[in-house]
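Dear colleague,

Please find the structure below, handed over for your records. My findings follow directly after it.

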Amino acid sequence: MAASTSDVSRRDRPNGLVRDVVRAVVADVAPDELPVVDGLRLFDDATVVRRLGGSGERREPLGFGAGEIVLLVTPVVWPVLNELGQRLVTRTADAAEQGAGTVFRRLFRRQQAPVEVPPLTREQIAEVRQLVLAAADKRQLSRRRAEEIADAVVAELALADPSEPHTPPAVGGSGEGRG
């Protein structure tokens, strides 16, 4: 019964890094934002969420070489997945220890490891969909656009193979490099 073994191991593995899931979703629904997403991938997730203005109040360019690109999808998806990954991974951590870790990270400003999206149940994926819809609504996106983004996130979480990270394609590559 190899199928049941792979199903079990799939549930034990994370869905991949938040940054990889975000890139896949943005590539699907807002490819014009990819240059900015690729630039943001140079930073740790906490820095990215801060730069994206996690409050959802801003709808303006980032101001670090992004030009006139107004981000609509990236600031909806990245903060939601980042918060989900942190919340689910640290759920079992002691609150005092977690608070102390936050203080030390702020003091020393060391770069954190990328946040992973943990294995999710169907209920958790449904919750992620609702969180994405709420974040899109907060950013005043149309209901149709919000659902398109939420559906892309759900599809990526449900179908992604975490053993194959979504890396940016090589510039000028043909994509048909089978020898």
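D20 is buried, at 8% relative accessible area; here buried means under 20%, exposed over 50% and partly exposed in between, computed with a 1.4 Å probe on protein chains only. D20 lies in helix α2, and its side chain is joined to that of R41 by a polar contact of 3.1 Å. A polar contact is a pair of N or O atoms within 3.5 Å; within protein, one must be able to donate a hydrogen and the other to accept it, and residues adjacent in sequence count only if both atoms are side-chain atoms.

The model is predicted, so local features need pLDDT of at least 70 and side-chain atom pairs pLDDT 80 or more, whereas totals for chains, interfaces and linings use all residues. Residues are numbered from 1 along each chain as its sequence is written, and side-chain values use heavy atoms, without hydrogens or water.

Helix α2 is largely enclosed by the rest of the structure, because 10 of its 12 residues are buried; among them are V18, R19, V21 and V29. Helices are DSSP runs of H or I with at least four residues, numbered from the N terminus.

T74 is placed in helix α5 (residues 74-89) and counts as buried because its relative accessibility is 0%. The side chain of T74 makes a polar contact of 2.6 Å with the side chain of E33. Neighbours within four places in sequence aside, T74 is in contact with V22, V26, E33, V37, L40, L52 and P79, where contact means heavy atoms within 4.5 Å.

Notes: Helices (H or I, at least four residues) and strands (E, at least two) are DSSP runs, numbered from the N terminus.
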